[in-house]
Amino acid sequence: MKLKKMAAMVVASMMISATSFAAPFGGEDDVSYAADIWASMSAAGLAGKDATMSTPYTGMHPHGAILDTIDTRLKVGDNDDILIIKRNYGGEGVSKTAVANDPDKYLKAVTVMYKRNGFDADIKDWFWIKYAPDGSVLKNPKGVSLAGRVGKGMAKGCVACHMGAPGGDMVFNHDRYAK
Ligand code: HEC
């Protein structure tokens, strides 16, 4: 009996390390850096209630029915670089006007790309996060937090899809950051 229990524990721990190995993102450091970014965004008036917003526009999958995008810079610790925020709105009665009038009511998620110098040259140093409207980090169906190299080397996820953005800078909307 005892041996069986031990064997089960070994298998369980092997499974845990296998999952953390499989996902190159969502670790403790990633989640804590995501919290630092959110705190800096809030201090700069870019997150939370009455956050600065741009004109809402009709979006496309997977980002949401109505979107607003902000392209700016943010200082997080001693890193001072590009921040792109894409807010995703949806729900009953959503429209551009409805969102402009009451953004908090329709806000579903906040997706962020933040240039973190020295983070990972393969992905142009972009740090990826999907936040809930309250600033907590959302998880994928496997329970892995969506922060860091989300989808790197995988078939799905932020990096997997944004790799195809024109200009090779991983940004879809423009090529201003392409080198
Ligand atoms: C299946 C493809 C796909 C996936 C997955 C995806 N995106 Fe995007 N993303 C897009 C497209 C297409 C645009 C530009 C069109 C638009 O404005 O909706 C975009 C735009 C953005 C922008 C604005 C900058 C830009 O590239 O134009 C940010 C920020 C962003 N995505 C973050 C994320 C994050 C963070 C994730 C993962 C949690 C993610 N995206 C997952 C396709 C994707």
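**Close-up views of a predicted model**

**View 1. Lys-130, a residue of strand β5.** Lys-130 has its place in strand β5; strands here are DSSP runs of E with at least two residues, helices are runs of H or I with at least four, and both are numbered from the N terminus. The model is a predicted one, in which local features need pLDDT of at least 70 and side-chain atom pairs count only at pLDDT 80 or more, while totals for chains, interfaces and linings use all residues. Residues are numbered from 1 along each chain as its sequence is written, and side-chain values use heavy atoms, with hydrogens and water left out. Lys-130 has a relative accessible area of 30%, so it counts as partly exposed (buried is under 20%, exposed over 50%, partly exposed in between, with a 1.4 Å probe and protein chains only).

**View 2. Strand β5 and its two partners.** Five of the six residues of β5 are buried, so this strand is largely enclosed by the rest of the structure. On one pairing, β4 and β5 run antiparallel over six bridges (two strands pair if DSSP finds at least two bridges between them). Here Thr-111 has Lys-130 of β5 as its bridge partner. Strand β6 (residues 147–148) is joined to β5 by two bridges, again antiparallel, and Ala-147 in β6 stands opposite Ile-129.

**View 3. The whole sheet, strand by strand.** Six strands form an open sheet in the order β1-β2-β3-β4-β5-β6, with antiparallel pairing. Its edge strands are β1 and β6, each of which pairs on one side only. Look also for strand β2 (residues 66–76), which is joined to β3 by 11 antiparallel bridges; within this pairing, Ile-70 has Ile-85 of β3 as its bridge partner.

View 4. The ligand sits in the largest pocket. A pocket is an open set of points on a 1 Å grid over the protein atoms alone, where a 1.4 Å probe fits and protein lies on both sides within 12 Å along at least five of seven lines; to sit in one, a molecule needs more than half of its atoms within 2 Å of its grid points. The elements giving two or more residues to the shell around the ligand are β3 (79–89), β4, β5 and α5 (158–162). Of the 21 residues around the ligand, those that come nearest are His-63, Cys-158, Cys-161, His-162 and Phe-172 (a residue is near if one of its heavy atoms lies within 4 Å).

View 5. Tyr-57 places a polar side-chain atom 3.0 Å from an oxygen atom of the ligand. For His-162, a polar side-chain atom lies 2.8 Å from a ligand nitrogen atom. Phe-172 takes part through its backbone: an N or O atom there lies 2.8 Å from an oxygen atom of the ligand.

**View 6. Two aspartates with positive phi.** Asp-50 is not a glycine, yet its phi is positive, at about 60°. Its place is the loop between α2 (28–43) and β1 (57–58), and with 74% relative accessibility Asp-50 counts as exposed. Asp-125 also has a positive phi, near 65°. Asp-125 lies in the loop between β4 (107–115) and β5 (126–131), where it is buried, with a relative accessible area of 15%.

Definitions and conventions
A polar contact is a pair of N or O atoms within 3.5 Å; within protein, one must be able to donate a hydrogen and the other to accept it, and residues adjacent in sequence count only if both atoms are side-chain atoms. On a 1 Å grid over the protein atoms alone, a cavity is a set of points where a 1.4 Å probe fits but cannot get out, and a pocket is an open set with protein on both sides within 12 Å along at least five of seven lines; lining residues have an atom within 4 Å of a point.
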